[in-house]
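Please keep the sequence and the three-dimensional view at hand while reading.

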Amino acid sequence: MCTVCGCSEGAETQLDGKSLKHTHSHDHSHEHGHSHDHLHSHETGDKTVALEQAILSKNDRIASDNRRWFDKLGIVCLNLLSSPGSGKTTLLEKTLKQLSGPCCVVEGDQATENDAQRIRATGALAVQINTGTGCHLEADMLHAGIHELEPEPGSVVFVENVGNLVCPALFDLGENKRVVVLSVTEGEDKPLKYPHMFHKADLVVLNKVDLLPHLDFDLQACLGYVREVNPNCRILQLSAKTGEGMQAWLEWLEAERPELAVSA
Amino acid sequence: MHELGITRNIVSIVADAAGSNPVARVSVKIGEFSAVLPDALHFCFDSCTRGTVLENARLEIINVPGRLACSDCGIEFGSSTPFGRCQCGSRNLRCVAGDELLVHEMELQ
């Protein structure tokens with residue numbers, strides 16, 4: 001089904017339980033014609049043909065389309081990434097109840113509509129993408145999701161990516177910012193073990209800090225490891241469950257909305 | 001194991017460019033920071049090319065070493081990670097080379 005991630009072979013990506021055909025990427029199929037042009041224009045020898053084409057160019061092209069569309073409508077799109085069980089959905093549930101202004105959520109999981117149902121219970125719009133055996137969201141899946149949601153101008157669109165600290169780091173969705181959520185139950189050295197994910201983060205949210213008194217988690221070491229792979233990203237410590245630290249997160253979100261809307 | 005999907009993208013790009021011409025060799029550039037394993041690409045290539053114009057083609061992987069530039073003192077240096085510390089102490093580094101994921105060229109039969 002998915003031509004980018006081999007692990008989704010044999011499975012079908014679904015959007016709210018319906019088959020997600022990659023129709024939007026097919027819309028761009030005319031652009032393949034350019035590579036035929038290259039066959040003639042960049043020949044370097046009798047039989048050698050220069051291509052110099054990005055391997056992920058198809059995904060990146062759709063991601064650029066998404067980003068242009070967000071900019072045009074003054075929409076802020078945030079890609080939430082983490083391992084499974086870090087508390088992304090709970091963070092979103094609490095956030096949606098407190099954040100003012102229009103919001104919607106694109107949920108990504110291998111299976112079930114559980115997360116979209118939890119989000120809808122807060123009153124927010126949500127669409128569930130099931131990737132089958134696929135291990136990450138791709139730009140065309142977000143494209144299909146936002147067409148389904150039709151977010152109004154000025155919205156915050158949250159994307160809850162498939163829980164995985166490896167593959168989603170490689171795929172641009174067209175988001176404005178990447179938020180990596182790390183929970184203190186996972187161990188302080190995750191930023192060093194999965195450096196590509198943390199290196200590309202704009203914000204790292206350290207979740208479940210209410211559990212710190214019960215754990216051997218070395219907070220200062222963890223903050224140092226994040227700084228080591230990503231010296232400039234912001235780090236917020238919070239507990240979505242107790243509400244501790246949530247205010248700073250909400251303020252960060254509010255600050256992102258006008259800033260990005262203005263840059264459009 | 002995103003290398004299987006990466007390989008499918010390589011095959012798709014080359015097959016589009018080659019049309020009906022059989023391909024003898026495919027050359028790709030893989031940067032050291034790209035989180036893609038060259039050995040895994042070789043492993044996937046044979047099965048992904050079966051029944052295409054790339055069948056029996058040779059996959060040539062050009063490994064691009066990672067290189068960072070310090071935004072504070074301007075020095076450039078080799079690195080195996082896209083982050084690190086410059087000899088001047090700065091962590092304010094930008095990638096000069098190593099994030100490549102490119103189909104470089106193909107050779108037709």
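## A buried alanine in a loop

The model discussed here is predicted. A124(A) has 20 C-beta neighbours inside 10 Å and therefore counts as buried, since the cut-off for that class is 20 or more. This residue is found in the loop between helix 5 (114-120) and strand 6 (125-130) of chain A.

Which residues does A124(A) touch, leaving aside its neighbours within four places in sequence? A124(A) is then in contact with L96(A), C103(A), C104(A), V105(A) and I119(A). L78(A) lies 46 residues from A124(A) along the chain, and the C-alpha atoms of the two are separated by 16 Å.

## Chain A as a whole

Chain A contains 10 helices and 10 strands. It has 264 residues, of which 44% count as buried. Among the contacts in chain A with a separation of 6 or more, 75% are made by residues 24 or more positions apart.

Strand 4 of chain A spans residues 76-81 and is mostly covered, with 5 of its 6 residues buried. As a general principle, side chains in a regular strand alternate between the two faces of the sheet.

With which strands does strand 4 of chain A pair in the parallel sense? One partner is strand 7 (residues 156-160) of chain A, joined to strand 4 in the parallel sense over 5 bridges. Within this pairing, L78(A) has F158(A) of strand 7 as its bridge partner. Another partner is strand 8 (residues 177-183) of chain A, which pairs with strand 4 in the parallel sense over 4 bridges. Here L81(A) stands opposite V180(A) in strand 8.

## Two packed helices in chain B

Two packed helices are described by the angle between their axes and the distance between the axes. In chain B, helix 1 (residues 3-18) and helix 2 (residues 38-49) pack at an angle of about 55 degrees, with their axes 9 Å apart. The two helices of chain B are therefore oblique to each other. Helix 1 of chain B passes helix 2 of chain B in a right-handed crossing.

The residues that meet can also be named. From helix 1 of chain B come E3(B), L4(B), I6(B), T7(B), R8(B) and V11(B), which meet A40(B), L41(B), C44(B), F45(B), C48(B) and T49(B) in helix 2 of chain B. The residues of this contact divide into 8 nonpolar, 2 polar and 2 charged.

Notes:
Residues are numbered from 1 along each chain as its sequence is written. Chains are lettered from A and ligands numbered from 1 in the order in which they are written. This is a predicted model: local features need pLDDT of at least 70, side-chain atom pairs count only at pLDDT 80 or more; totals for chains, interfaces and linings use all residues. A residue is buried if 20 or more other C-beta atoms lie within 10 Å of its own, exposed if 12 or fewer, and partly exposed in between; C-beta atoms are placed from the backbone. Two residues are in contact if their C-beta atoms, placed from the backbone, lie within 7 Å. Two strands pair if DSSP finds at least two bridges between them. Axes are lines fitted to C-alpha atoms, for helices over the stretch in contact, and angles run from 0 to 180 degrees between N-to-C directions. Angles under 35 degrees count as roughly parallel, over 145 as roughly antiparallel, 65 to 115 as roughly perpendicular and the rest as oblique. A crossing is left-handed if the near helix is turned anticlockwise from the far one by less than a right angle, and right-handed if clockwise. Ala, Val, Leu, Ile, Met, Phe, Trp, Tyr, Cys and Pro count as nonpolar, Asp, Glu, Lys and Arg as charged, and the others, Gly among them, as polar.
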